[in-house]
Amino acid sequence: MRELKLKWLLLGVLIDSIAMSSVWPLTTIYMNQELGHSLVAAGVVLFLNSVASILGSFVAGKLYDKYDSYYLILGGIVFTWISFFTLIFFNGWPTYPIFLVLIGFGTGWIVALNNSMGTSIKSKDGRYVFNMLYFVQNLGVMLGTAIVGILFKHSVAPLFTIATVMFTVFFVVAFFTYRIPKEDQSVQSVQQSQDIQSKMPKVNFTIIMSFFVSLVIMWIFYQQWNSTVSIYMLKLHIPLRLYSFLWTVNGLFILIVQGLLSSRGGRLLKDPYHQVYLGIAFFMASFGILAVAHQYYHFVIAMIVLTVGEAIAFPSIPAIVNSLSPYDQKGKYQGLVSAFPSAGRAMGPLVGSMIIESTSFVFLYSLGLFTILVVLVVIALIIESTKRKATLYDNNQE
């Protein structure tokens with residue numbers, strides 16, 4: 001059966017990631033310094049952007065299971081292209097925040113569809129597919145944020161121009177390469193006769209939901225690196241430029257770890273669940289280092305440990321969810337894989353600031369350590385007691 005070629009899907013994800021990451025890093029700076037609005041206002045806009053992304057992911061995932069993904073992805077690209085194009089010429093207040101929220105919806109829509117279409121690629125192992133998707137997405141983030149540093153002075157128009165051009169290329173790539181047939185009809189009829197399409201086994205649902213709750217919690221604390229860590233470093237008299245360098249370290253180590261995993265077919269450990277546990281353990285350890293950090297090299301080490309953890313765990317989760325999702329619900333659950341981290345990203349800055357106001361930075365990062373430890377223990381207990389009873393829907397998963 002003809003299927004979407006992974007190289008074209010990866011090219012689309014790369015283009016999308018470069019375009020998106022050339023826009024979001026400047027939101028707070030642009031709204032505060034150029035448009036003259038408070039950091040609180042910028043925070044509200046970013047929150048609404050995340051909420052819109054959650055909605056876009058959920059809706060796109062649901063629609064993928066019922067309609068042709070080809071037209072859904074083209075529609076999402078056109079919708080986002082219009083938003084970028086408008087902001088080239090109208091980027092003042094309130095046009096800028098309004099269209100940034102619309103871009104958030106488009107982001108969620110496209111990411112969910114990219115992941116969902118990844119589930120249709122049967123010629124490659126599922127973990128390899130999602131590892132490569134994660135790899136090129138982060139490569140795009142590195143390139144996109146570099147573009148911001150080079151081009152952003154006082155006007156955002158050049159950045160939105162680049163994003164518009166890139167989405168034009170994205171549309172062309174998708175138009176000519178993304179049209180693929182849905183699941184083979186004879187296979188579908190067999191699945192329907194076995195009544196496995198419309199029922200999610202209880203064990204599968206339990207495992208999937210344990211991952212989703214874990215993603216929310218981990219992203220709440222991950223967001224501290226985007227919000228509170230920079231303030232903490234300034235309090236320790238560490239320059240802001242050194243904080244920015246941490247994200248270069250993050251991107252570099254993601255590429256290194258992902259490159260290693262890709263060469264091994266996405267497999268560091270044979271059991272994908274154990275690979276997630278290992279990644280979460282690294283993720284947890286980074287907050288232990290952060291809680292005792294006083295020198296700059298402590299923050300560098302914490303970032304490296306965090307990055308290794310996320311690069312091991314995060315690509316494995318959508319691959320496992322894919323293997324546990326019934327054939328006609330893969331889009332729905334891949335949409336939720338995108339939506340739950342967005343919920344964590346939306347809540348993270350608010351939760352972090354509230355905890356710091358009532359306690360301290362050290363308490364916040366110590367809380368991250370112990371909370372993620374609880375997450376690790378709970379999901380390991382849930383999964384190890386149920387995974388042998390789970391029904392697998394993807395032959396490429398072991």
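**Reading the model**

Tutor: Trp-219 and Tyr-222 are both buried, where buried stands for under 20% relative accessible area, exposed for over 50% and partly exposed for the range in between (1.4 Å probe, protein chains only). The model is predicted, so local features need pLDDT of at least 70 and side-chain atom pairs count only at pLDDT 80 or more, while totals for chains, interfaces and linings use all residues. Residues are numbered from 1 along each chain as its sequence is written, and side-chain values use heavy atoms, with hydrogens and water left out.

Student: Where do Trp-219 and Tyr-222 lie?

Tutor: They lie in helix 9 (residues 202-222), three residues apart, about one turn of the helix. Helices are DSSP runs (H or I, at least four residues), as are strands (E, at least two), and they are numbered from the N terminus.

Student: How is an aromatic pair classified?

Tutor: Rings of Phe, Tyr and Trp (its six-membered ring) pair if their centres lie within 6.5 Å; planes under 30 degrees apart count as stacked, over 60 as edge-to-face and the rest as tilted. The structure holds 24 aromatic pairs. One of them is Phe-175 with Phe-176, edge-to-face at 5.1 Å centre to centre and 85° between the planes. Phe-175 is partly exposed at 40% relative accessible area, and Phe-176 is exposed at 65%. Trp-219 and Tyr-222 form a stacked pair, with 4.5 Å centre to centre and 20° between the planes. Ring pairs also join Trp-219, Phe-221, Tyr-222, Phe-283, Phe-287 and Phe-314 into a cluster.

Student: How many salt bridges does a search of the whole structure find?

Tutor: A salt bridge is a side-chain nitrogen of Lys or Arg within 4 Å of a carboxyl oxygen of Asp or Glu. The search finds two. In one, Asp-271 and Lys-387 have their closest N and O atoms 2.6 Å apart. This pair links distant parts of the chain, 116 residues apart: Asp-271 is in the loop between helix 11 (240-263) and helix 12 (272-291), and Lys-387 is in the segment after helix 16 (361-386). Glu-384 also forms a salt bridge with Lys-387, at 3.2 Å between the closest N and O atoms.

Student: Is Lys-387 buried or exposed?

Tutor: Lys-387 counts as buried because its relative accessibility is 14%. Glu-384, at 29%, counts as partly exposed.

Student: Which residues touch the most other members of the largest nonpolar core?

Tutor: A nonpolar core is a set of buried Ala, Val, Leu, Ile, Met, Phe, Trp, Tyr and Cys residues joined through side-chain atoms within 4.5 Å. In the largest one, of 56 residues, they are Ile-73, Phe-84, Tyr-96, Phe-160, Phe-167 and Tyr-178. Among the helices that each supply at least two residues of this core are helix 1 (6-21), helix 4 (69-89) and helix 7 (157-177). Helix 5 gives the largest share, nine residues. A second, separate core of 55 residues includes Tyr-134, Tyr-232, Met-284 and Leu-376.

Student: What is Phe-84 in contact with?

Tutor: Contact means heavy atoms within 4.5 Å. Leaving aside neighbours within four places in sequence, the contacts of Phe-84 are Ala-19, Met-20, Val-23, Ile-103, Phe-160, Ala-163, Thr-164 and Phe-167.
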